[in-house]
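Reader: I would like a close look at a single part of this model, the surroundings of the ligand, with the criteria spelled out.

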Amino acid sequence: MLILGIETSCDDTAVAVLQIISGKLKVKSSVISSQVKLHAKYGGVFPSLAAREHEKNLPKVLKLSLKEAETKIEDIDLIAVTRGPGLEPSLWRGINFANDLAKKFKKPILGVNHLEGHIYSNWLSLTELDYKLFPALCLIVSGGHTELVLMKSHGKYKIIGETLDDAVGEAFDKVARMLGLGYPGGPLVALRADKFRSKSVKVEIKFPRPMIHSKDFNFSFSGLKTAVLYKTREFTKLSPKITDQICYEFQEAAIDVLISKTIKAAGKYKVKSVMLSGGVSANKLLREKLSESVKSLESSPATVIPEMAYTTDNAAMIALAGYFNWEEIKIGFPSWKPTKPNASLNF
Ligand code: KG4
Ligand code: ZN
């Protein structure tokens, strides 16, 4: 089976071709056209500009993706397109494009939940579709979401914890802005934190670990962000050394909370695997600490972490989520049926 994935929920225009034959999966192509440089001057994603760029880029990205996959659109069996959550103007561009393709080439089309796609980015690292990973606990950490999702089987999700205010990626981005580091902030904050760690200087700045001892699995990052703001106000000028230390301690605090809650939940629900996904899953320290901490669990669940290429928004994860929706959950349609966006879709 060949699945064409289309993703335009935010500022990345992505198209992928995924092949699944007898439970073996192969990403034949995954092309991403990033608009990061374009939005950097606004310090965040500018929705109408993002939508315009998607419209311009989609035909080119599709062409490239099919060429890399050595496939023709006529050979595609299913089109999977992100229907939400995301920026509505951006979602519309991808959906209209996918609907037109489906109509023109008489292909079935399926609207996919972007968060479900992020969860399935974990399966892209496996060569076989592994069914022994359930129940799985997935920590989704992105610019818009921070959620702990319990997945009992394909299509069966339960949110057991979420952020009560800012998403963790959003907090990274806001801290980077306060420190004048640029956008997107996550990788820049992580880089400065690594610089501080490599020098083994004594840590003099301390930030809180919000809600780390709360009995639930929810998160809160706005207090941590405010603590960073107050700290920056203590200095008339932020030297590179202070900036590095603030980044280090902020990252440690955010990751401590994420890991602590994830491990507690993994123990409580006796999961077979712990998965990580979303843009913040590109964070090296988070990846390392999660793997280490999961090993300490008595039930020894597997840790599944997406390859770096699939941490940020991509269409291969959307194609795979589309496949599971189609094959396993049987939300199939008889031929083609246009889909619509839902900007605030959740599980
Ligand atoms: O999943 P994603 O690509 O888009 C959304 O759906 O939000 O996530 C983007 C987020 C941004 O907030 C970005 O700063 C963050 O992921 N991010 C990181 C790292 N790389 C990207 N945060 C921390 N450390 C990183 N290395
Ligand atoms: Zn995303």
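Which helices each supply at least two residues of the shell around ligand 1?

Author: This is a predicted model, in which local features need pLDDT of at least 70 and side-chain atom pairs count only at pLDDT 80 or more, while totals for chains, interfaces and linings use all residues. Residues are numbered from 1 along each chain as its sequence is written, chains are lettered from A and ligands numbered from 1 in the order in which they are written, and side-chain values use heavy atoms, with hydrogens and water left out.

The helices are α4 (114-120), α5 (168-178) and α6 (185-198), each supplying at least two residues of the shell, where helices are DSSP runs of H or I with at least four residues, numbered from the N terminus. In total, 19 residues surround ligand 1, the closest being Gly143, Asp173, Gly186, Gly279 and Asn283; a residue belongs here if one of its heavy atoms lies within 4 Å of the ligand. By class, this shell has five nonpolar, 12 polar and two charged residues, with Asp, Glu, Lys and Arg counted as charged, Ala, Val, Leu, Ile, Met, Phe, Trp, Tyr, Cys and Pro as nonpolar, and the others, Gly among them, as polar.

As for individual atom pairs, a backbone N or O atom of Gly186 lies 2.9 Å from an oxygen atom of ligand 1, and a polar backbone atom of Gly279 is 2.9 Å from an oxygen atom of the ligand. From the side chain of Asn283, an N or O atom is 3.0 Å from a nitrogen atom of ligand 1. The protein covers 86% of the 560 Å² of accessible area that ligand 1 has on its own, by the Shrake-Rupley method with a 1.4 Å probe.

Note on methods: A polar contact is a pair of N or O atoms within 3.5 Å; within protein, one must be able to donate a hydrogen and the other to accept it, and residues adjacent in sequence count only if both atoms are side-chain atoms.
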